[in-house]
Structure formats: C-alpha cells, structure tokens
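Work through the following exercises with the sequence and the model at hand. Each task is followed by a solution that goes step by step.

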Number of protein chains: 4
Amino acid sequence: MNTYDDDQVGRARVADSPELLAYYDELAQLDAGALWTVANEIEPWYPQPKSVPVLWRYRDLRPLVAKALAMVKAEDAGRRVVMLVNPGRKEHSAAVGLLYTGLQIMGPGESMSAHRHAAAALRFVHEGTGAWTIVDGQKLKVGPGDFAITPNGTWHEHGNESHDAPVIWQDGLDIPLTNTLDANFYEIHPELHQRPGPVVNSSVLSHGANLLPYGLEKWTRPYSPVLGYPWEPSYQALRNLAKATGGSPYDGVIMEYTNPLTGGPVMPTMGAHLQLLRPGQRTRAHRHTGSVVYTAAKGRGVSVIAGQRLPWQQGDIFCVPSWAWHEHANLDPNEDACLFSFNDFPVMRSLGFLREEAYPDHDGHQPVADRQP
Amino acid sequence: MNTYDDDQVGRARVADSPELLAYYDELAQLDAGALWTVANEIEPWYPQPKSVPVLWRYRDLRPLVAKALAMVKAEDAGRRVVMLVNPGRKEHSAAVGLLYTGLQIMGPGESMSAHRHAAAALRFVHEGTGAWTIVDGQKLKVGPGDFAITPNGTWHEHGNESHDAPVIWQDGLDIPLTNTLDANFYEIHPELHQRPGPVVNSSVLSHGANLLPYGLEKWTRPYSPVLGYPWEPSYQALRNLAKATGGSPYDGVIMEYTNPLTGGPVMPTMGAHLQLLRPGQRTRAHRHTGSVVYTAAKGRGVSVIAGQRLPWQQGDIFCVPSWAWHEHANLDPNEDACLFSFNDFPVMRSLGFLREEAYPDHDGHQPVADRQP
Amino acid sequence: MNTYDDDQVGRARVADSPELLAYYDELAQLDAGALWTVANEIEPWYPQPKSVPVLWRYRDLRPLVAKALAMVKAEDAGRRVVMLVNPGRKEHSAAVGLLYTGLQIMGPGESMSAHRHAAAALRFVHEGTGAWTIVDGQKLKVGPGDFAITPNGTWHEHGNESHDAPVIWQDGLDIPLTNTLDANFYEIHPELHQRPGPVVNSSVLSHGANLLPYGLEKWTRPYSPVLGYPWEPSYQALRNLAKATGGSPYDGVIMEYTNPLTGGPVMPTMGAHLQLLRPGQRTRAHRHTGSVVYTAAKGRGVSVIAGQRLPWQQGDIFCVPSWAWHEHANLDPNEDACLFSFNDFPVMRSLGFLREEAYPDHDGHQPVADRQP
Amino acid sequence: MNTYDDDQVGRARVADSPELLAYYDELAQLDAGALWTVANEIEPWYPQPKSVPVLWRYRDLRPLVAKALAMVKAEDAGRRVVMLVNPGRKEHSAAVGLLYTGLQIMGPGESMSAHRHAAAALRFVHEGTGAWTIVDGQKLKVGPGDFAITPNGTWHEHGNESHDAPVIWQDGLDIPLTNTLDANFYEIHPELHQRPGPVVNSSVLSHGANLLPYGLEKWTRPYSPVLGYPWEPSYQALRNLAKATGGSPYDGVIMEYTNPLTGGPVMPTMGAHLQLLRPGQRTRAHRHTGSVVYTAAKGRGVSVIAGQRLPWQQGDIFCVPSWAWHEHANLDPNEDACLFSFNDFPVMRSLGFLREEAYPDHDGHQPVADRQP
C-alpha cells in the first residue's frame, strides 16, 4: 500500500450515507462536527503550505515603489510601503507562511511618526545613505546592506536625513503570525516622536568582538540588545568564516545574526542569516519546516525551489515555503554572492516543530521543469 | 481624539482615487500591494479574534457522541470523535483560537491502531473506567478526572478494556496551530501496534512528592516525562494549596500541571490547569492573550465571558477567546467546584506575546446582557 | 613506563642544585616561586582528598549529644551542636571535603534566636516530634525522617515545642566551602525573632503531585520554594519508583530531592538524595568526584568505602570522600533499607568537575581488608 | 552593642571549664567536636581572606623569568613558569584566593609536550611574537595583549616559533580551586603531541561581529568556542564602548570576554575582563566577594586596595582579595590606561555567593596610609 494512501487503517475513510449526513446536521446545530469528515485534511501526511515560491525582481518593483513617493503622503499612509504578497497567502498579506515583507520608501528629509506594536519588525537596507531609525530612544543610522531590528513592543520611528536621495529599505514583520495568534496590539506614541539619547548607534558601539559591556544594568528583554548589524563587519565576519570552514552543503558559508547574550536569534519570532556562495558554487537541496524570505545582498545566482528555477541578482527577493526543497547557485565564476534572509525558525524551534531533510536523489539536485539560462 | 480612531496621524487614511486604483492593479500584477490599504486591518489596536465564547453542554453532546458508537466503525473513523467547533473558526476545525477539542468514545473492548503526528495531544477523561493509552511504549490507565499527554512525535494508541461500559474522554490538540505553521506530519505505526513495557503507569510511579529519579538516563525531550496526572492526587494538591493560600482574584486556587524537570508546562505548545472555586466564590474579571478551553471537572457554576453568562455543570465545556474578559463563579454554597482547562499560553510565553489586564470597573465584574438564573 | 610515574616527559623532574636553591630564594623575595618545584603536587594524576572514610555510630554519639543539653545553655552556645569532624579535615571543621555536619539537640520548650548567613543549611530529623523551624517567616514542623532546607541568606530560627522529649536533628552545611571561597557573612536578626505567617508548612502544602501554584508571584530565588520534604511522601515516592524501575547498579533505587521549578538540586551548593536498597541487595562499586555524607534512615547494612567496611544501622552517619570507590549492601533479607545523603554535586556540576567511573574488577566489588560479618 | 561583637545572643560564648574540656576530649575520641568552640570562627561576620594585596612589578620579575630559560630545560620543568605566590596563600600556590598565576617563558623554537587537566587555564601575552598554542587540535597564534583560553579537559601544548626572541606570557589557572574541590586530574597526551588542523586561528575567524556560524555541529561544551581574543579588536571594542557609555563608577569602561553562545564567562570557573581608564580618571571604591588578578595591559596608574597604594605600569600584576575595598586611577593625563584581569566570579555567581558594596565615605575614596605620588 502506498505510504501516503488515505485508504488504509489509521486514516479516516467513512463513506457518506443519508443517516450520517443527518447526523452531521445534528452535530452542526450544537457547534460540533465529526472528526472523521476532516481528519485526513487537518492531519496531513506532511506540511501542505498554501504559499508558493515567488521571485520579486527589484528592477520591476523599484519603479512602482518610487511612484508611491509622489502618489501618497507619508502622513496619510502611515508608512509608504509596497508589500510583497504571496498568491497563496493574500488573506494574510504574507510573503510566505506567516511572514510579511515589503519595500518602504522615504523621500529626502522625510520622517514618520512613532508607534509600537506587538508585531516584531526588521529592516534590510537596499539603497540610500540617509536612513535612520529611533528604537526605544536609541538613534541608529543605517546604510545599504545593514540589518536592523525593531522588536515587539519597542517604540520606533524612521526617517531619511539625506538631502537628495530616497531611502528604500525592506521591512520584515511577523504580522501574520501575531494576528493568527490573536496577539497584536498597536499604539501611537503620545507625543508622536521620541527624544533620542545623545549617542548614535550606541548598541552597535557597545557590542563587538566577543566582549560584552560589564557592570551595566542587566538586560532582561527577550531580544538582542544589539539593534543594528552593519554590512561591513557582517560581511567581513562571513569572509573570515569562509577561511575557516567549508560551510554547509545546503547553504554555503552561513552565519546567523545573534543576540550576543544568548547566542540565539535576534528576536523570539524571527531570525536572520547572511550567507556566502563562493564563485560558481552550487549547493545541494534540502527542505525544512519554517518559511524563509531571501534577499540577494550581493552578486547574482539562481535558486531552485520546489523544482522552479528563480534567477536572482542584487536586490531581488524570493521566498521558500515550509518543507519545499531548495538549493542555491552562484552564477558568477569570479565573485562571491551573498544572500540575506529572515525566517520563522525561532518559532519552529521554540515550539518543537523544526525538522530538516536532505534531498536524496540526483546528487542532491532537483529536476527542474524550465530551461537553464 | 478617540484612542482607537483610525483617522489620526500614525494610522493609514489614504482615500481611493482612480490613479491609486490603477496603481494597485499594477502592484497586483507583480504579486505586490500597498500596505496602507490593509494596514489598519492587519495592525489592529488590540486582538481581533474570530473565535466567540461557546458553551457545549455535556448533556446535549453525550447522546450524539454515544450515537457515533453505532454509526461508524472505529477502524473506518480512525478515531471516533465528535469535535467541538467554534462558529468563528470552522475553517480551522478549532474550538477556540488555534486549539482543537473533541469528545472521543471507545466501546467496551475496542482499541485503535497506533500513529504519531507533529500535533500534540492531551486527554481529560469524562467517564468510563477501562481507558488505556500506550505512549511511546508506556502503557497508562486513566479514569475520570485524569489528565494525560501525548506529546508531538510520540507513538500512541488507545483502547477501552472495560467489558460493559464505554469510555468518553476529551481530546485537546494543537492541530490548528501545527497546520497554521505548516508543520504537521502524520505517520501510521509500521506494525499498527506498539509492544508496551511490563510496568503500567511507570512515569506516574516514578515522579512524585518533589523528588526525581536520579542516575537514570537523562531526559532531553522538550515535554514532561510524566505522561499521566491522576485526578485524586491532583485534586488533593489543589486542596492543600487552598489551605496555604487565598488564591488568585481571577482564578481562585489554581495550579498548573507541570514538567517536574523544568517547572514549565507539560508540552511546548499547550499547558493545562486545574482550579478550585470555593463554595459560593465569585472571581473578578481579567483578560489575557492566549485562548483557553475549560471543562467543568466538579460542581456547578457560571462563567461570564465577554459579557455572556455561561452556566456550567460537571462535564460541560466552554471556551475563552484571546483578550476576552472572563470571570467565574461557583454556584454551590457548600461544595467546591473545579475547572480543568488547557491553553496555548506556552506558545504565547515562548514568543513573547503574553499580556494580561484586570477588569477595571464595577468591582471587577462585567455587566451581563442576559438574565441571572 | 607507568602511567602515574612522575619521571617522564610532561611532568616536572628538575633536580635541586645550589644554583637553583639560590634562585628559589631570589624568587621568594619577590613573592614568587618556580612552578616545577610544586607542579606534580598541585597537578596530581587524580584527586588526592585529605578526607578519609569515617563511620559515626548514633549509639555512640547520642549520649554525648544528650550530655550537651545539660552542660551548655542554648543561648550561650548559639546552637547546641556536636559536629562530626573528619580526621583529615580538622582545620576546616568538615565531615568530608567541604561539607560540615553535626547533631543538634533542643530540649523541650527550647528555642534559638534568629540569624542568617551565606552558608546554606539543611536538616534531617533523627528523633523527637516537637521540632519546628521558621525560615524567612514561614513556620515548618518537622519530624523523624523529614528533610528541610535553610538556603543561603534566609533568616532562620528553630525550636522544640514538645513538652517532654528532646529533638535531635542533623545539620548539614556548606560552611567549609563558603569559607574557602572567602564568601561567608553572618547576621543576627535585629529583633532576635521573626513573626511567622499564619499557615504552618505552607510551602509543603503548596507543592505536590507534579502541579505548581499558578498566578502567584514569580519565584526568582536560586533555591527550591519547597522548604520541607516530609518522610512519608518521600519514602512513598521511593517505593513507587521501585515498582517502576530496577534502579541504579551503584545506588539501588535512588531519588533526588528537587526544586520543582527547575528539576535541579534544592540549593545551588548542596544536593540531597534518598535511596532504597531492596532486601539483601548489594550494589556495585563506583567512584565520582564530589563528597557525600550519608545517614542511615531505615534498616541496616554495610558500605564498603575505599576498601573499608562500614556497617551501619538506622541513625548512623558515614562519609564518602571524592573519588573514593564505594558500594552499599542491605543486610536485612526481608526489609528494605534507606539511606539519606547530602553532597556537593551541585557545585561539581556547575563548575564542570563532575566525573564518574565504574569499578572495573571482581564483578564490581572491591576487595576488603577486614572480616565479613 | 557593637554589630560585630561576639559577646551577644546569637554568637557562641561558652567559657571553658574542666567539665567541658573533659567533654571535648570525649568528643574528639569519636571524631567529633562541639560547634560552639569554633562557631564564631567558621561563621565570621564577613569574609576573612588570608590573601593580602600584592603588587608584582614586571621589571623585577622579568630578569628572574629570563634566568629560568638558561637554568632549567623545558622538558624537565614541564613548563618553565615563575609563579606568583600570595604570602597568605603559600600552601595553595595561589596568587589570590583560589586563583593561580605565573609568568611562562619559552625560548626561540621551543615547544612543550601536550597534556590536559581538570584545571582550566588562560593566557595573557606579555611579550614576543612567536607564541602559539594548540588546544584540542586547533592551532592559535597569539601576540602581546592577546587573551586565550585552555578550558578544563582540553589537550594543549605550546611553543614559540620565533627565531630570535623569547615569549613571555602569563598563565592563569584555577588549580587551587580544583584541588580544594578534590577534582583535579592530569593526563599526558599518548603521542606527546597533537596534529593540528590546517587552519590557524579558526575559532577566532569563525566568531565575530555578533554573528555565529549556522548549521555546523552544535557546540555543547560548557566553555566558549572562541579560544582566542586578540588584543586589537578587543581594545577597539573597548574604545567603541567608551564612545557609547560613561562606564562604571568603580571600573571605568569595562567589558567581559564572553562565550558568544551564552553571553556568559569564557569558562565556568574563571572570567576575564578588559577595562579602560580615561586619561586622569579616578574611580570610586567598591568591594565584592570573589578574587581578582589584574595585569596592566597599557599605560600607568595606581590602585588602592584595602587602603594600600599599588602604583603600576604596563606589565605589572596585582591582586584584589575577596571583599577588599579597591579603586583605580589612571595617572596619565593624556593616554588611556587598560587593565586586563581574571577572576573567580563565575564560581561565585553559579553558587550564589556574589555580593557587592560601594564604599560609602569620603566621596567613594579610601584613606591611604602611605604618601601620594
């Protein structure tokens, strides 16, 4: 018998009958139902995500993002964001699984008002040098390739202090998760703006090189005290690791942005990685529970996700649904390529749902339907 | 301005225009959208659960549950369960939030085949003395009022060794959560049945009185090594606590079934409580994130949930959606009343979403729309 | 070459010479020395405890303990205690390693004044029914076989409310450890006595059967919230475990008194066990780092420690030094025998020093010098 | 009555008498004693360390260390180390409390054989550019100001690959602690030497900038996976922190070398700090349990310890006993000064013994007996 055959002992296989249909009606009147009518659907053999692999090309999106600058006022939009919506997850405004992502644009000199919410946010800067954010009173300046966090419950507001160029950064949030858990709250800052402390980037200055500030007030919050992870040292850390290790067969040389107080993810609901594919490197396929949004941070390559080829270059965004096979390749023979990504692995790990599997056939590579470039 | 008014700075308030509608179409073609069109909805001021308070009366359900015994064969149904479905959560087969519950009946001498899944399960026995379950090779006998767990990934199978009376127990599972996270797996035991070890109830025998077995193999799984929590000592523990403390203003004398290795919940996704309301006690209202399914384990009383009076007696089941005000009262002037409940608090706590608030007005009591009994 | 031979590369083997002796003098004048003159001594091949196995017979000690009642006034002695002193550890007043133990006697109606110290204490009651202790305002009554704790920094005072019989209990403290670490503090209660709360034994009443009080103030102290572990349920837990498991080859059926919030030891510096030897049972020898003080709580038997036979019966106390081989036997063919013990394993475990080894020869039994009974 | 007066209720104050002396003899014959004869001594009002403040000047020690190079062969000495011995702790070969330190010299081209022990070690390099160490197969090169660890149980061997200059580094070990706990083991590598992997400094390359390698084998050991903390990035981290914070009133700008997987100390028994005193800065005095060995890593200054002025310059070593008041000053008006230090705080913290107190008088400064510079 086929492993995934529902017509076997241990699966529900009750045929409808007039009596049963009447019985189901009786149950429905008591806000009840018969488990066996839905059992095979709600207890699937393996995850059945509605999310599909999607590639969002930066060159396609950027003009539309720029257009928003003129079309809506920041103060009316709240935040001027083009969100990326998975065709299978429209009702959740999710890019994949329970993760939201979008491209936010701020014009020269613009700033947004302060608010906070139970949803956690992160940023990855695509372009512009004038971006700043104030998180719980701490001002942080961020530039291209920088990664920053705005944890659950922190007051935050953003702006662009450039005189001539817009900022475009990518937001990542766990909004769909927070709503699914009926746990979202939103609050506008009573004074609309925070008063930042005198030192810019203080959390970045305070943490580095495997040393921690000592004798200061104990940090008890469930997220990283480091609010920003600038591109240059992060990329350098990755290059150093590349000297020391061969890396993962599935991910190349890969590091996680961490909370230096725990070695764990930056926030309890979302983690983030930076990975390097050596010139010409092609990884093997694997799959795991948990959803991932990838952004090409450097170079160009192609990822094969659930058998679909998604070619990418710097700025492009794509997603991997839970339990989908995926593998990556750097198409440049001379330069390394880097992928930034964020995920819901911390959720999967905390709740005991993390599972991983290597692709067993064809030397670890999936067959692809479409043509090679 | 009203706190929860969407027409203020910090909320989205962009009016539609022909240009914008055209723009939205352009975005949609790229699997994108404008955040401000959904922002106020996906970032609500406070949780907006679709679940509503529901009371399921045991005296109404029991005849229908009993009917299933005759109408469907266990081997066809997989498990013969009448599930309780919240009118607002039908698409998830959820009783409330992301929690599933149902009443399972097993006839004298019946047994089910063994399987396992990523969803975690728990049981609370309503009636019958012949119930047994085998969890990862350990046989456990359970009777009325007993609480037992079947954690994520454990092989399990059940039966009723009584010669004359059916068993009815209540299942609680995190199936909706597991599916929402795209993390469910299901597997039928290759031999359809396990071979249990020689000692029945061994985990119950091995843990008690604040001592732990020493020098045995280290337990590294993320759930309690205690698989069963019998009624008698649990109720006794509650009565002892009642001698030592006044209890919680919102919950009376309340205890959590715990993993004795961590002091934490029995499983990473679901916790369970047993609480005692003294004769005539009426608690004050509070609300919190997280959903709860209650079962009246002893006595009779009334709970007011989101302003609705739900009178209950032993065997009845009701639910409290996330962030709904709720308070309980024991209507018996002479006997204590007990509520068993299970919840998703471990999820809320791990992910940093737990929040609680006392009802501020009317001495802690909600106004109710309907008549008093 | 013999494994433990100091005459090999990797050990110090510098012969004295006039030049070197002069050099050593030069070093001494600068508060310095040459490592190689002491290296082999301070870096031994394996632990070299100065403690030796000792058996203290209760029938020998009791008369002397009773004598103290008449000879010194409680208020002059502070506490009227006969301490047990290992011949190898006199300068530390230690029974073994860095553990102190003694027998304290309180006459009918006597009570002691309140104090606190950085050293942690525990009690095991030998005789008398009137004993009480107040620990941080909580009154606890204890009887024969009961185990109680007085953690680091808690105010405590004791007494005997019997009208006619003395109380004799055994104190266990980490005084030698606390002093060795230069960390002891002592303070007399400003009012000489505490005012206990209305409920006696409240922590015992509040914890049991693998449930924990919920919704009370969060316990953040580094020791168990349970201050007393009465004999009856503890012994019953042990008997239950004996039904479920064969037990340890070295210790029989053994349980650790635990902090139900962590599954760990009752205090960060001392742990305690209760173990049962079945009628006639003889365990195999092992050794481990860490020191142990044993008290025969029930029955009679013999332990072989570092090749010495120490026969014991109820009330007797004996010790096992770090890294000494030890094995136990119950000499009664019909009744079980129980050993209570306390140890410094929590220290060894926290600091990464715990190591264990089974005795490899003679079927796990040491040769003994003296005659068998 | 004076707080620290032993002639009060709650302290032992039993006068000797012929009867009591005879009684004490009786007790002694049973390996017992009367607690009240030693109680006030073993339960002191506050810590009574035998260690005293000591300053070891590098310019005094260096010639003697260099002399050892000629006087003893490395293979005879095991390691050629001049150890620093506190006058109050000679029997433990301790520099202070239960900490050992010494200056090790290796001539050009020399190397030592491999061994391991339960005692943990750390290194701080004073001079020489050729130093290397191999720890559990990982080769690490270290230079002046670098800090490195050799945790409990790791195979290690050292050498100097310079052609012309010696290496002098400072060893710090917890040997006295390990012996006091009867927990030391020593083993010579069966092949006398390890075979290091191909990448030098791989753990340093693999960890940095608040990112961690992902998807590699999980690190489960109780110490930092980072084996070396080079001077340059450590000092830079300290300078960055100095931009972000004012620092501690007692320690200036201070950081702890940490295990990036836990945010905790590098090893379970010893921690290490690097601190910066701004030009001319004078800190306030405080005291704490736990012992510290300081090394002047940069600049010149003076520390006042228990009322004694200890002036230091780069290379000098001094110690602070447990509970001794201490404060530091940078005597240079233009350059910052840095102190490296290691301590037993992890022990004190794990066991619950850490306590701290600010000096209350004279604006936080102790009176000193000797003259100011």
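**Exercise 1. State into which domains chain A is divided, and how far apart their centres lie.**

Step 1: the domain assignment, whose bounds come from an automatic or database source, gives chain A a domain 1 covering 1-45 and a domain 2 covering 55-358. Step 2: taken over C-alpha atoms, the centres of domain 1 of chain A and domain 2 of chain A are separated by 42 Å. A note on conventions belongs here: this is a predicted model, in which local features need pLDDT of at least 70 and side-chain atom pairs count only at pLDDT 80 or more, while totals for chains, interfaces and linings use all residues. Residues are numbered from 1 along each chain as its sequence is written, chains are lettered from A and ligands numbered from 1 in the order in which they are written, and side-chain values use heavy atoms, with hydrogens and water left out.

**Exercise 2. Describe the interface of chain B and chain A by its contacts, its buried area and its polar pairs.**

Step 1: counting contacts (heavy atoms within 4.5 Å), 85 residues of chain B meet 85 residues of chain A.

Step 2: the buried area, that is, the accessible area (1.4 Å probe) that two parts lose on being put together, summed over both, is about 7800 Å² for chain B and chain A, with 64% of it on carbon and sulfur atoms. On the side of chain B, Asp182(B), Phe185(B) and Tyr186(B) lose the most area to chain A, and together they account for 10% of what that side buries.

Step 3: six salt bridges (a side-chain nitrogen of Lys or Arg within 4 Å of a carboxyl oxygen of Asp or Glu) are found across this interface. One of them pairs Glu43(B) with Arg79(A), whose closest N and O atoms are 2.8 Å apart.

Step 4: the interface of chain B and chain A also holds 32 residue pairs in polar contact, both residues at pLDDT 80 or more. A polar contact is a pair of N or O atoms within 3.5 Å; within protein, one must be able to donate a hydrogen and the other to accept it, and residues adjacent in sequence count only if both atoms are side-chain atoms.

Step 5: helix α3 (residues 58-71) of chain B gives the most to the side of chain B that touches chain A, namely seven residues. Helices (H or I, at least four residues) and strands (E, at least two) are DSSP runs, numbered from the N terminus.

**Exercise 3. Which strands link chain A to chain B, and what is the strand order of the sheet that holds β1(C)?**

Step 1: two strands pair if DSSP finds at least two bridges between them; strand β3 (residues 81-84) of chain A and strand β1 (residues 32-34) of chain B run antiparallel and are joined by three bridges. Within this pairing, Leu84(A) has Ala32(B) as its bridge partner.

Step 2: an open sheet of seven strands has the order β1(C)-β3(D)-β4(D)-β11(D)-β6(D)-β9(D)-β14(D), with antiparallel pairing. Because β1 (32-34) of chain C and β14 (228-229) of chain D each have a single partner strand, one side of each is left without a neighbour in the sheet.

Step 3: inside this sheet, strand β4 (residues 100-106) of chain D pairs with strand β11 (residues 167-173) of chain D over seven bridges, and Gly102(D) stands opposite Asp171(D).

**Exercise 4. Describe how chain A meets chain D, and state which chains do not touch.**

Step 1: 36 residues of chain A are in contact with 36 residues of chain D, and about 3200 Å² is buried between them, of which carbon and sulfur atoms give 62%. In chain A, Asn210(A), Leu211(A) and Tyr214(A) lose the most area to chain D, together 26% of what that side buries.

Step 2: between chain A and chain D there are zero salt bridges, whereas 11 residue pairs are in polar contact. The largest share of the side of chain A that touches chain D, seven residues, comes from α7(A).

Step 3: three bridges join β13(A) to strand β15 (residues 253-259) of chain D in an antiparallel arrangement, with Met255(D) as the bridge partner of Pro213(A).

Step 4: chain A and chain C do not touch, their nearest C-alpha atoms being 13 Å apart; chain B and chain D do not touch either, with nearest C-alpha atoms 13 Å apart.
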